[in-house]
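Here is a set of questions and answers about how the descriptions of a protein model are reached. Each answer sets a value beside the definition that it rests on.

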Amino acid sequence: VARGEIVAIVGESGSGKSLTALSTLKLLPGNAVVTGEIHFNGTRISTHSDAEMATLRGNRIGMIFQEPMTALNPLHTVDRQIIEPFCVHHHCARDSAEATEKLRTLMEVVGLSHLIPRGKLYPHQLSGGERQRAMIAMAIACDPDLLIADEPTTALDVTLQRQILELLRNLQRTRGMGMIFITHDLLTVRAIADRVVVMKDGAIVESGETEAIFTAAKHPYTQML
């Protein structure tokens, strides 16, 4: 994934899309058998220790998980969760002036400025779209080089999907981030991705520029999709 590029990973459920994303940040269970290598900014990170990975997760590599209602902690307020990655990696207190200003900026960037006057809110007090925007704010809090979006619009209605996709695309362009976009929605892929990787049964069966994949797919599975 090049800086400023959006690469979509597509395939049916169980094809290995999310597994691949989780392996990038070493978030798979401890008994998982992983082979191959992962390189980030010229450094092989697949052999990093947990402490070394902790400096990357939420900092240089951000991730938006599939379902915000289960990814967000129900016991903590949303504002605390949004600003936590920034405070951890920038070593500042959550109530510091720096953190307060950063939180306001993040909420404005992702379209949650209307929540600021309402004070501290818990995830269940937000709508589905607001929770997704909060997840995006967390993922970009430290201005990552790479953003991994794992089916970020699956649980949303069509109107909200369009809004979230436009938000992600604008953030990616203005910040120059590389993005891995995981989805089974091919219409979304054609609208947002520069390059497409097609997976089936845990393996890549085809990859290429988006238009080439859509107009001249070579593999029978891609053609079927």
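The questions below take up the sheet, a pair of helices and the pockets.

This is a predicted model, in which local features need pLDDT of at least 70 and side-chain atom pairs count only at pLDDT 80 or more, while totals for chains, interfaces and linings use all residues. Residues are numbered from 1 along each chain as its sequence is written, and side-chain values use heavy atoms, with hydrogens and water left out.

Q: Why are S4 and S8 said to stand at the edges?
A: The open sheet has six strands in the order S4-S5-S6-S1-S7-S8, with mixed pairing. S4 (61-64) and S8 (203-209) each have a single partner strand, so one side of each is left without a neighbour in the sheet.

Q: What makes S7 and S8 a hairpin?
A: S7 and S8 pair in the antiparallel sense over six bridges, and two residues lie between them. In the turn, aspartate 201 has a positive phi of about 55°.

Q: What describes the packing of H4 and H5?
A: Two packed helices are described by the angle between their axes and the distance between the axes. Axes are lines fitted to C-alpha atoms, for helices over the stretch in contact, and angles run from 0 to 180 degrees between N-to-C directions; contact means heavy atoms within 4.5 Å. For H4 (residues 78-90) and H5 (residues 97-109) the angle is about 115° and the axes are 10 Å apart. The contact includes Ile82 and Phe86 of H4, and Leu103 and Leu106 of H5.

Q: Which residues are counted as lining the largest pocket, and which are closest to its centre?
A: On a 1 Å grid over the protein atoms alone, a cavity is a set of points where a 1.4 Å probe fits but cannot get out, whereas a pocket is an open set with protein on both sides within 12 Å along at least five of seven lines, and lining residues have an atom within 4 Å of a point. Of the 41 residues that line the largest pocket, Thr20, Ser23, Thr24, Glu37 and Ile38 are the closest to its centre. H1 gives the most to this lining, with four residues.

How values were computed:
Pairing = 2+ DSSP bridges.
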